[in-house]
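Please look over the structure shown below before reading the notes. The points that follow are grouped by topic and can be checked against the display one at a time.

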Amino acid sequence: PQIMRLLANVYQKIGRIKAAEVAYRKAIELDEEDFVTWYDFGCFLMATGDLEEAEGKFRQCLRINAGFTHARNNLALVMHYRGRHVLAVEELKETLLGDPQYAEAHNNLGKVLYHLNRLADAEKEIRAALEIDDTLVGAWHNLAKILFRKGESREAASACEKGVELAPEHAEAQHDLAMMYIDCGQIDKAVIALEKALSYEPSLAPARRKIAELCLETGQVRQAREHLESLLAIEPDDIAARYNLGTALYRTGKTREALAVFKQVLEADPIHPYAATNAGLCLEMLGRPQEARSFYKRAVETCPNLD
């Protein structure tokens, strides 16, 4: 079974997922009481997104070796991902009874408690994790999110900075750090963090959306347009991004293109008053006042109090 387990690990690393699964199943056939194989198979299934099967494998591992804390930790994570948060808390508490110095379990317990909005308890667990291991990247990120939700933006940014120093390629953390900088009024730092996030993960839509908004707000309209076009390639149904693209096109003198985009917005959201107003403005610029009036009328009918 050890050889089959190693073979499965090699298959997994080179992307031969089906072959890895076959190797794990063969290893279990060879020795159904090898708890390490059950654990490794569970980790494999967890990584491939088969959470129900992964839970079963971790339970088999714990049936053979109830004191295997890594298996119990992962079982709790699977339960959390499957929406059974309270039960996950109990499993993590039991994990920590077996190994109070298990930093990752403290971090995971904090993460689940955060999800349950038990912020004080969550912060306590995350700080316990960092006392044991201050290089735990996820713990710094989780602490930052807790502090940010508590309204402590500067402290949150400081914690998040420590995490991204350890793992700058963590795109989601770079995005979250940017949001903390924005809350602190540090827009230049926010833009840098967002650019870093997108350098590591160009398809990270929240980062692309936010940097486009900041570019529009600061008058960097051409850059905003580029980001919005990239965002719409990822999320073509994002009406707000499409409306902002129309605005960017209009502000850069691309009136016909802007009009086409505002019409697309109205097709997706017929009661979008600002798209109707801006379509009217485009038509006026193009020398088509009669058509413009029909869009202004539509905007007023949709929103009588429109300024």
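In this predicted model, E123 is in contact with L143, I146, L147 and K150, leaving aside its neighbours within four places in sequence. E123 has its place in helix 8. The relative accessibility of E123 is 13%, and E123 counts as buried because buried means under 20%.

**Helix 7 and helix 8**

- Two packed helices are described by the angle between their axes and the distance between the axes.
- Helix 7 covers residues 103–115 and helix 8 covers residues 119–132; they pack at an angle of about 160 degrees, with axes 8 Å apart.
- Angles over 145 degrees count as roughly antiparallel, and helix 7 and helix 8 are therefore roughly antiparallel to each other.
- Sorted by class, the residues of the contact of helix 7 with helix 8 are ten nonpolar, three polar and three charged.
- The loop between helix 7 and helix 8 contains N117.
- N117 has a phi near 65 degrees, which is a positive value in a residue other than glycine.

**Helix 4 and helix 5**

- The axes of helix 4 (residues 51–64) and helix 5 (residues 69–81) come within 9 Å, and they cross at roughly 155 degrees.
- Helix 4 and helix 5 are therefore roughly antiparallel to each other.
- A left-handed crossing is found for helix 4 and helix 5.
- From helix 4, the residues L51, A54, E55, F58, R59, C61 and L62 take part in the meeting with helix 5.
- From helix 5, the residues A71, R72, N74, L75, V78, M79 and Y81 take part in the meeting with helix 4.
- The contact of helix 4 with helix 5 has ten nonpolar, one polar and three charged residues.

**F58 and the nonpolar core**

- Which residues have the most contacts inside the largest nonpolar core? They are F58, L143, L228 and F262, and this core has 94 residues.
- Helix 13 (residues 205–217) gives the largest share of this core, seven residues.
- F58 belongs to helix 4.
- Is F58 buried or exposed? F58 is buried, and its relative accessible area is 0%.
- Apart from neighbours within four places in sequence, F58 is in contact with Y39, G42, C43, M46, A71, N74, L75 and V78.
- F58 and A120 are 62 residues apart along the chain, and their C-alpha atoms are separated by 30 Å.

**Helix 14 and helix 15**

- Helix 14 (residues 221–234) packs with helix 15 (residues 239–251) at an angle of about 150 degrees, and their axes are 9 Å apart.
- That angle makes helix 14 roughly antiparallel to helix 15.
- The crossing in which helix 14 passes helix 15 is left-handed.
- Helix 14 contributes V221, R225, L228, E229, L231 and L232 to the contact.
- Helix 15 contributes A241, R242, N244, L245, A248, L249 and R251 to the contact.
- The contact of helix 14 with helix 15 divides by class into eight nonpolar, one polar and four charged residues.

**A171 in helix 11**

- A171 is part of helix 11, which covers residues 171–183.
- A171 has a relative accessible area of 4% and is buried.
- What does A171 touch, not counting residues up to four places away in sequence? A171 touches A197, Y200, E201 and L204.
- A171 lies 60 residues from K111 in sequence, and the two are 19 Å apart in space, C-alpha to C-alpha.

**L283 in helix 17**

- Helix 17 (residues 273–285) includes L283.
- L283 is buried, and its relative accessible area is 0%.
- Leaving aside neighbours within four places in sequence, L283 is in contact with L259, R288, E291, A292 and F295.
- The C-alpha atoms of L283 and R256 are separated by 8.4 Å, and the two residues are 27 residues apart along the chain.

Technical notes: Residues are numbered from 1 along each chain as its sequence is written. This is a predicted model: local features need pLDDT of at least 70, side-chain atom pairs count only at pLDDT 80 or more; totals for chains, interfaces and linings use all residues. Side-chain values use heavy atoms; hydrogens and water are left out. Axes are lines fitted to C-alpha atoms, for helices over the stretch in contact, and angles run from 0 to 180 degrees between N-to-C directions. Helices (H or I, at least four residues) and strands (E, at least two) are DSSP runs, numbered from the N terminus. Angles under 35 degrees count as roughly parallel, over 145 as roughly antiparallel, 65 to 115 as roughly perpendicular and the rest as oblique. Ala, Val, Leu, Ile, Met, Phe, Trp, Tyr, Cys and Pro count as nonpolar, Asp, Glu, Lys and Arg as charged, and the others, Gly among them, as polar. A nonpolar core is a set of buried Ala, Val, Leu, Ile, Met, Phe, Trp, Tyr and Cys residues joined through side-chain atoms within 4.5 Å. Buried means under 20% relative accessible area, exposed over 50%, partly exposed in between (1.4 Å probe, protein chains only). A crossing is left-handed if the near helix is turned anticlockwise from the far one by less than a right angle, and right-handed if clockwise. Contact means heavy atoms within 4.5 Å.
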